[in-house]
Amino acid sequence: MVNSLKKLFWFFSKDVDLNYDKDKHLIIHQILALGGADDVRMLFRERDEEEIRKEFLKPAKGLYHPAVLELFQYLLNVRLKDKSQYIKDIYGKLASGNIRR
């Protein structure tokens, strides 16, 4: 794995080496949800957009900020039926209805 991406996988010990073919679901979602612009560009440069789209459509529970999720739906030209599986719930289900906008 590229050293610049290791920051996205802080939850693994330093000696764990991810294998893209085995761990692509985790790698793609971590980069899309938490990576910077350079990380995302690298992903799209090195991997096929259809492969990224296919993995994106498999939910990664509670990983995405709503705006980031919308961005990648747009870029990958997909509409998710149930966004709740992807969205971070940092305020809790009860609090979300109490926020004034």
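Visitor: Contact means heavy atoms within 4.5 Å. What sort of model am I looking at?
Guide: This is a predicted model, where local features need pLDDT of at least 70, side-chain atom pairs count only at pLDDT 80 or more, and totals for chains, interfaces and linings use all residues. Residues are numbered from 1 along each chain as its sequence is written, and side-chain values use heavy atoms, without hydrogens and water.

Visitor: How many helices and strands are there?
Guide: The chain has five helices and zero strands. These are DSSP runs numbered from the N terminus (helices H or I, at least four residues; strands E, at least two). Along the sequence the pattern reads α-α-α-α-α.

Visitor: How much of the chain is buried?
Guide: Buried residues account for 30% of its 101 residues. Buried means under 20% relative accessible area, with a 1.4 Å probe and protein chains only.

Visitor: And what share of the contacts join residues at least 24 apart?
Guide: That share is 50%, counted among contacts between residues at least 6 apart in sequence.

Visitor: Let's zoom in. How do H1 and H2 cross?
Guide: H1 covers residues 20–34 and H2 covers residues 37–46. Their axes come within 8 Å and cross at roughly 140°. That makes H1 oblique to H2. Oblique is whatever is left after under 35 degrees (roughly parallel), over 145 (roughly antiparallel) and 65 to 115 (roughly perpendicular). Axes are lines fitted to C-alpha atoms over the stretch in contact, and angles run from 0 to 180 degrees between N-to-C directions.

Visitor: Which residues meet there?
Guide: From H1, Ile-28, Ile-31 and Leu-32. From H2, Asp-39, Val-40, Met-42, Leu-43 and Phe-44. Seven of the contact residues are nonpolar, none is polar and one is charged.

Visitor: On to H3. Which residues are buried?
Guide: H3 spans residues 49–56, and Ile-52, Arg-53, Glu-55 and Phe-56 are its buried ones. Seen down the axis, they fall within an arc of 165°, so they line one face of H3. The arc uses directions from the helix axis to the C-beta atoms.

Visitor: What do those residues pack against?
Guide: The buried residues of H3 pack against H1, H2 and H4, which is 66–75.

Visitor: And which ones are buried in H4?
Guide: Leu-69, Phe-72 and Gln-73. Their arc around the axis is only 105°, which puts them on the same side of H4. The buried residues of H4 pack against H1, H2 and H3.

Visitor: What happens just after H4?
Guide: Asn-77 sits there with a positive phi of about 55°.

Terms used. Ala, Val, Leu, Ile, Met, Phe, Trp, Tyr, Cys and Pro count as nonpolar, Asp, Glu, Lys and Arg as charged, and the others, Gly among them, as polar. Buried means under 20% relative accessible area, exposed over 50%, partly exposed in between (1.4 Å probe, protein chains only).
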